[in-house]
Number of protein chains: 4
Amino acid sequence: MKAAIVGATGYGGAELIRILQQHPEVTLQSYHSSSYKGDSMADRYPHFQAVSEENLEGIDPEQIARDADVVFMATPSGVSSELVPAFIKEGARVIDLSGDFRLKDTRQYEQWYKKKAPAGTVLESAVYGLTEWLETDVTETQLVSNPGCYPTAALLGLAPLVKNQIIDPHSIIIDAKTGVSGAGKNPTSVTHFTEMSDNLKVYKVLEHQHTPEIEQVLAGWNSNTGPVTFGTHLVPMIRGIMTTIYADAPEGITAAKLSDLYKESYKDSYFVRVRDQGTYPGTKEVYGSNFCDVSLALDERTNRIMIVSVIDNLVKGASGQAVQNMNRMFGIDEKAGLAFAPVYP
Amino acid sequence: MKAAIVGATGYGGAELIRILQQHPEVTLQSYHSSSYKGDSMADRYPHFQAVSEENLEGIDPEQIARDADVVFMATPSGVSSELVPAFIKEGARVIDLSGDFRLKDTRQYEQWYKKKAPAGTVLESAVYGLTEWLETDVTETQLVSNPGCYPTAALLGLAPLVKNQIIDPHSIIIDAKTGVSGAGKNPTSVTHFTEMSDNLKVYKVLEHQHTPEIEQVLAGWNSNTGPVTFGTHLVPMIRGIMTTIYADAPEGITAAKLSDLYKESYKDSYFVRVRDQGTYPGTKEVYGSNFCDVSLALDERTNRIMIVSVIDNLVKGASGQAVQNMNRMFGIDEKAGLAFAPVYP
Amino acid sequence: MKAAIVGATGYGGAELIRILQQHPEVTLQSYHSSSYKGDSMADRYPHFQAVSEENLEGIDPEQIARDADVVFMATPSGVSSELVPAFIKEGARVIDLSGDFRLKDTRQYEQWYKKKAPAGTVLESAVYGLTEWLETDVTETQLVSNPGCYPTAALLGLAPLVKNQIIDPHSIIIDAKTGVSGAGKNPTSVTHFTEMSDNLKVYKVLEHQHTPEIEQVLAGWNSNTGPVTFGTHLVPMIRGIMTTIYADAPEGITAAKLSDLYKESYKDSYFVRVRDQGTYPGTKEVYGSNFCDVSLALDERTNRIMIVSVIDNLVKGASGQAVQNMNRMFGIDEKAGLAFAPVYP
Amino acid sequence: MKAAIVGATGYGGAELIRILQQHPEVTLQSYHSSSYKGDSMADRYPHFQAVSEENLEGIDPEQIARDADVVFMATPSGVSSELVPAFIKEGARVIDLSGDFRLKDTRQYEQWYKKKAPAGTVLESAVYGLTEWLETDVTETQLVSNPGCYPTAALLGLAPLVKNQIIDPHSIIIDAKTGVSGAGKNPTSVTHFTEMSDNLKVYKVLEHQHTPEIEQVLAGWNSNTGPVTFGTHLVPMIRGIMTTIYADAPEGITAAKLSDLYKESYKDSYFVRVRDQGTYPGTKEVYGSNFCDVSLALDERTNRIMIVSVIDNLVKGASGQAVQNMNRMFGIDEKAGLAFAPVYP
């Protein structure tokens, strides 16, 4: 397969290159950027010297669609909604890493993203790519909308309980923590080293745009879902997301039953590792890898379930899952090119 | 006043020295350690060279009580319960930084601390020293039990809502995050730099010994209190605690009313800074200082209140609050020796 | 004394406020900023809430000189050279933290700073304020030029050897490492958390503007001084500078003689702590304090001396030394307001 | 090829597994540990769950030699010297990551390592495995001694200048900085997170056991080599080594000539990336990869050359280079299994 990456100079694009340059079935065909056309990737990222020195090209959907079998859109929200329809029209198969094609309700999109929603028909055709819980066979799908980093961690943590109607979705509280790479490559005062190091911050309090994405998926799994409380924090680390999720436990549940349910739910999912009862993951245990590690605890004193899930936000939370979706779209082993171990320590 | 520090070589003891050596009303009389008797503080902590080079002495309660006006016990849990009664008997005025005299219910202590509880009469006499919400005048008190770091942050965040019966305590979920200095000075595999840096961990899941301390205080404020859910995380930073607290909002509450309530509740408390509506603190904004910063948000979508409170775990969460309590015990300005600004950045 | 701070919103200005708000002899009279006039310091730095909430004023040299006894210029290089002459003309006593009045040779300034040098007469009148080695009594001095952070660490490390003509200055190689706060408050791609964390960078290779400052002072101490090699590195930490200095050892020197020389040289200097032979400082041992810790080693195998000196770049390397200079200018104890201990850990 | 790893539970062993589990020509045959026999790798390192769950076996050289084509000794210094001879006797091909077989002069070994040197014949047979500068064809070699992390960075940086007799080796000063993973997996007070974070330390001052290793190799390249000055620092980062090297420049050299020399010297070395003149690497640009990036500067003011080289201490500085040596020993492409990109950011 020949792959093109549009928006290659952000962290998502760079991580796609890191992964795909080792993928046994993929040739990196071309990189595209509107801002840095003509530069090489090694100009933008010296660590790519010798690995990937191709020059960045401009964005010509017709030509890209003709030359590549799959197009990754690593473009920001608001840009994908502009570009993707042209690629779709040219017949390209597209995986979009932005938030633009995730929310089916365009009012929700406009309310949370403060941007104009994408056109209806393309949006309707997009399949939400939470790979372990895909709603449809994607081998013929033209557009996969790759999930957000937080939703990936939260939804993989919640799926067995919500899909099996074990918890009341109204009781869900998600306390989420992310490494700073989630904020992207552009320097800001919030992510300045001296301000962020040895610091823990809350941000976008109750206003994070991933909230409706989580709610939309939960509602698809349990129509009784209402709004969820979603708190977001910036942790002084580069990569990693942890979601700590609290929900009311039903009568009669036990920690052992919960553990069994999760082990069973994910027994065929290589990338979701349900940890043994009583053990809990740190984010570094998935660092640089496509794994999502999940643990559960039952607080018998308060009758609440606590779920802990961790991912690398740039891999399973973005580019790794995008490649996993590509593997599914092209009918190859979902592990292809993704079976590398976490980098530890 | 002449102060003695027992257990001077841990982080709590060292922080007491840092604070007290600048206190206008205090002379540091003596340091005591059972393990490092004869060493100087500068042997244990080279940063104290020129600042505090006195030799560590052994622990002789009779002599210490005779020579000092106030004794700080910076000893670990299990050690204070052994030592404090001797100091009390000798007539010393004591501030104990350990967890030994916080829980009035000795079964609770033994269940959560896995240690033998201290003797009844001394325990009964101990006043819990959450300075802003002291239950009694402490100018005659002989023993103040200094609060834990997490309870300080959580309780200062919850007090106005619980004391005024605005929220149902059963709905409280506390998601707490601490810097690594909370784990103390002894190296462990969990706190090894390579394991902890760029990592976020959950630990002591639903088993943290500060849980019953929080519940005991809340129950004193609202007899309807039951168990609370308390999740604890280790963040790759040296100092700082953030508690993110979720609770059901009552009918008719507004963000403005909440903000007014907190501003009013803490208007005479120099060390609790209620942040303006819509602004939220990072832990670094209290780094090295005795401040606790508190913010609130009302999630109208889910009808929940979210409270964010931050402290420096070694200052307001330990040694700073101990000095604040000393100031109260001796009838001097609670700010004396504590009005230093946070170290930022 | 009443102090005014011009350029209060950078890290140097904020650190001056942190220090001076506790200084027993100083009242903070006013803060000045051309960019943020009308804002309060707590708007710019929320950690100053309750500590220092005064509004920033514009810069009117005449009024400032009239109202304040001492003016701290925490303005960037290029700005001080514009502003200081006006303050001098109004009779103000000024401590300038920028690089503008450090180099007596204006061609050197223009070559290394790439800016226009300040006017001659004011420049000539400026006393270089390496406090421990002041060339003149400054009790009548109107303008003190505060040293750069790197020169402070390097020169305090080198002084006893160079002033006593023990080493050949031509053999000096300074390998310097700084925390990221030295790069200031403005976010850049180099100091973006994700780029800087878990990373070690060289920067301004052989082009750092502190090079001629070091050489100028060394030449004053030993006229045989030529250019020195000065390598500069960015370390993923907030505060701290370490200079590791190598120089050829003379015949007959011993480690014990070196140690004695340094102990003797600094026996009256509270803020320079010569470490015992065989022990070496980490930057954290001076964190937040005005200390400079110095160690020496003699490499008998290669006949070279290795000097290690550490400071907090924002304190002894900037605002702390500025206050120390103020104390000297006004004839008070140089420790006044500066005897706080390092923040550790 | 079937590979066995002896001493699999240290960081070197874990990194070998991370690399080899993706190597196209290698099957991981068995892991061995004297301390953790019977545990699985996922017990020791939860991040290996699903990746590598085999149980650790004891150390039986006869059986290991029979079952494996290549044996990696990731054992500590002092242990390898005991074990390797038995493997050699059984006919195994061995790559030893410890320091035990690097120094040909046993007195040097005993002086710097404070341990008994290994037996003579095996020591004599060991080939020093600085892969880019191997002295002999290793396709028949039975024992390769893998270089130390610091020597790898320093020697790759120095080779073109020393081998071509361009600099006087007596003038070499190496100022080296390492991430904390170089200190291994065992927690110590020096590497405790709270002590190491936001801190920069010198350590083993002028006593680092890698000093004679560097000197031995330099002496092989230029018989005029004497002792070199080697300063070592601990930087608050997980992975990465930077060596900043200073040496006197010869008459007539130019920066362009130096650059050409290095580009030419390494034109066939995939893993050594000579950076373009005027650009310098940070350690993160090789993070997690087998690259060594090298830059040069000529200080015309002082007539010194400054070389900057960076590696990941656990990859090119240990396990990656070991695999590169294995590739050479078995006559396959040296890039096999090692062409993964750095993890960035």
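## A walk through the model

Let's start where two chains meet: 13 residues from chain C and 13 residues from chain A make up their contact, where two residues are in contact if their C-beta atoms, placed from the backbone, lie within 7 Å. On the chain C side that touches chain A, the classes come to 5 nonpolar, 7 polar and 1 charged residues. Here Ala, Val, Leu, Ile, Met, Phe, Trp, Tyr, Cys and Pro count as nonpolar, Asp, Glu, Lys and Arg as charged, and the others, Gly among them, as polar. Bear in mind that this is a predicted model, in which local features need pLDDT of at least 70 and side-chain atom pairs count only at pLDDT 80 or more, while totals for chains, interfaces and linings use all residues. Residues are numbered from 1 along each chain as its sequence is written, and chains are lettered from A and ligands numbered from 1 in the order in which they are written.

Chain C also touches chain D, and that contact takes 36 residues from chain C and 36 residues from chain D. On the chain C side, S8 (173–178), helix H8 (193–196), S9 (201–202), S10 (229–234), S11 (241–248), S13 (292–299) and S14 (304–311) each give at least two residues. Helices (H or I, at least four residues) and strands (E, at least two) are DSSP runs, numbered from the N terminus. By class, the side of chain C that touches chain D splits into 18 nonpolar, 9 polar and 9 charged residues.

Now for chain A as a whole. It has 11 helices and 14 strands, and its C-alpha trace spans about 60 × 45 × 40 Å along the principal axes. A compact globule of 345 residues would have a radius of gyration near 20 Å, and chain A agrees, with 20 Å; the radius is taken over C-alpha atoms, and the globule rule is 2.2 Å times the number of residues to the power 0.38. Of its 345 residues, 61% are buried. A residue is buried if 20 or more other C-beta atoms lie within 10 Å of its own, exposed if 12 or fewer, and partly exposed in between, with C-beta atoms placed from the backbone. Among contacts in chain A with a separation of 6 or more, 71% are between residues 24 or more positions apart.

Chain A divides into domain 1 (2–125) and domain 2 (150–314), with bounds that come from an automatic or database domain assignment. The C-alpha centres of these two domains of chain A lie 27 Å apart. Where they touch, 11 residues come from domain 1 of chain A and 9 residues from domain 2 of chain A. Helix H1 (11–20) and helix H5 (106–113) of chain A each supply at least two residues of the domain 1 side. That side has 4 nonpolar, 4 polar and 3 charged residues.

Next, look at helix H9 (residues 211–221) of chain A. Its buried residues include A:Thr211, A:Ile214 and A:Leu218. The buried residues of H9(A) pack against H5, strand S6 (127–128), helix H7 (149–163) and strand S10 (229–234) of chain A.

Over in chain B, there is an open sheet of 7 strands, with mixed pairing and the order S9-S10-S8-S11-S14-S13-S12. Strands S9 (201–202) and S12 (272–274) of chain B are at the edges, each with a single partner strand, so one side of each has no neighbour in the sheet. Two strands pair if DSSP finds at least two bridges between them. S9(B) and S10(B) run antiparallel, joined by 2 bridges, and B:Lys201 has B:Leu234 as its bridge partner. Helix H7 (residues 149–163) of chain B packs on the sheet, touching S8, S11, S12, S13 and S14 of chain B.

S10(B) also runs parallel to S8(B), with 6 bridges joining them; one of the bridge pairs is B:Ala176 with B:Thr232. In S10(B), 6 of its 6 residues are buried. Both faces are covered, with B:Thr229, B:Gly231 and B:His233 on one side and B:Phe230, B:Thr232 and B:Leu234 on the other.

Finally, find B:Ile307 in strand S14 of chain B. B:Ile307 counts as buried because it has 24 C-beta neighbours inside 10 Å. Setting aside neighbours within four places in sequence, B:Ile307 is in contact with B:Gly157, B:Leu158, B:Ile245, B:Val294 and B:Leu296. B:Gly157 is 150 residues away along the chain, yet the C-alpha atoms of B:Ile307 and B:Gly157 are separated by 6.4 Å.

Conventions:
Axes are lines fitted to C-alpha atoms, for helices over the stretch in contact, and angles run from 0 to 180 degrees between N-to-C directions.
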